[in-house]
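Visitor: I would like to go through this model one question at a time. Please show it first.

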Amino acid sequence: MSFYFDIFVDALKIIVAVAVFFVWVVRYDNIKKEFIYYNLPNWLRDLVGILKISFAIMLQFQNIELILIGSIGIVVLMSGAVFTHIKIKSDFRNILPSITMLTVGLIILIYNIQIIQS
């Protein structure tokens, strides 16, 4: 891998952590409203929040196994978010953040799988 791509992936990991913190801590009231609007239970909202924050933190370590778990977790959760948005027929504008975070998670995951394989 190139030095610049290494830096790019490290920046993506920081962006994930900042975005998750902002959405699930700073704007938590908005999350509560969204889960009510989507008719999803409070326990699921809380579980998703705990998992997203945990996975985003895992991405910040230098341990490849933790990074893999964190990126797989982000990919799984964001796949669920995209599926939920499609199921309820959200506008593309509302689906875009989930697709973006899913894509970022996939980039981090694939990058780290390639490191293991090399």
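Visitor: Which residues does V20 touch, not counting residues up to four places away in sequence?
Guide: This is a predicted model, where local features need pLDDT of at least 70, side-chain atom pairs count only at pLDDT 80 or more, and totals for chains, interfaces and linings use all residues. Residues are numbered from 1 along each chain as its sequence is written, and side-chain values use heavy atoms, with hydrogens and water left out. Contact means heavy atoms within 4.5 Å. With residues up to four places away in sequence set aside, V20 touches V25, K52, I53, A56 and M101.

Visitor: Is V20 buried or exposed?
Guide: V20 is found in helix 1; helices are DSSP runs (H or I, at least four residues), numbered from the N terminus. Buried means under 20% relative accessible area, exposed over 50%, and partly exposed in between, using a 1.4 Å probe and protein chains only. V20 has 4% relative accessibility, so it counts as buried.

Visitor: How far apart are the C-alpha atoms of V20 and K52?
Guide: K52 is among the residues that V20 touches. Along the chain the two are 32 residues apart. Their C-alpha atoms are separated by 6.8 Å.

Visitor: What covers the buried residues of helix 3?
Guide: The buried residues of helix 3 are R45, V48, G49, K52, F55, A56 and M58. What covers them includes helix 1, helix 2 and helix 4.

Visitor: Which residues does L77 contact, leaving aside its neighbours within four places in sequence?
Guide: L77 is placed in helix 4 and, at 17% relative accessibility, counts as buried. What covers the buried residues of helix 4 includes helix 1, helix 3 and helix 5. Leaving aside neighbours within four places in sequence, L77 is in contact with V48, L51, K52 and F55.

Visitor: How far apart in space are L77 and L102, C-alpha to C-alpha?
Guide: L102 is one of the buried residues of helix 5. L77 and L102 are 25 residues apart in sequence. In space, C-alpha to C-alpha, they are apart by 8.3 Å.

Visitor: Which residue caps the N-terminal end of helix 4?
Guide: A polar contact is a pair of N or O atoms within 3.5 Å; within protein, one must be able to donate a hydrogen and the other to accept it, and residues adjacent in sequence count only if both atoms are side-chain atoms. At the N-terminal end of helix 4, a side-chain oxygen lies 2.8 Å from the backbone nitrogen of E65. The residue that supplies this oxygen and caps the helix is N63.

Visitor: What is the phi of K89?
Guide: K89 is in the loop between helix 4 and helix 5, and at 71% relative accessibility it counts as exposed. Its phi is positive, in a residue other than glycine. Most residues other than glycine have a negative phi. For K89, phi is near 60 degrees.

Visitor: Which backbone oxygen does the side chain of N112 reach?
Guide: N112 lies in helix 5 and is buried, with a relative accessible area of 3%. Setting aside residues up to four places away in sequence, N112 touches I64, I67 and L68. At 2.7 Å, its side chain reaches the backbone oxygen of I108.

Visitor: Which helix gives the most to the lining of the largest pocket?
Guide: On a 1 Å grid over the protein atoms alone, a pocket is an open set of points where a 1.4 Å probe fits, with protein on both sides within 12 Å along at least five of seven lines, and lining residues have an atom within 4 Å of a point. The largest pocket is lined by 33 residues, divided into 22 nonpolar, 7 polar and 4 charged. Here Ala, Val, Leu, Ile, Met, Phe, Trp, Tyr, Cys and Pro count as nonpolar, Asp, Glu, Lys and Arg as charged, and the others, Gly among them, as polar. With 8 residues, the one that gives the most is helix 4.

How values were computed. Helices (H or I, at least four residues) and strands (E, at least two) are DSSP runs, numbered from the N terminus.
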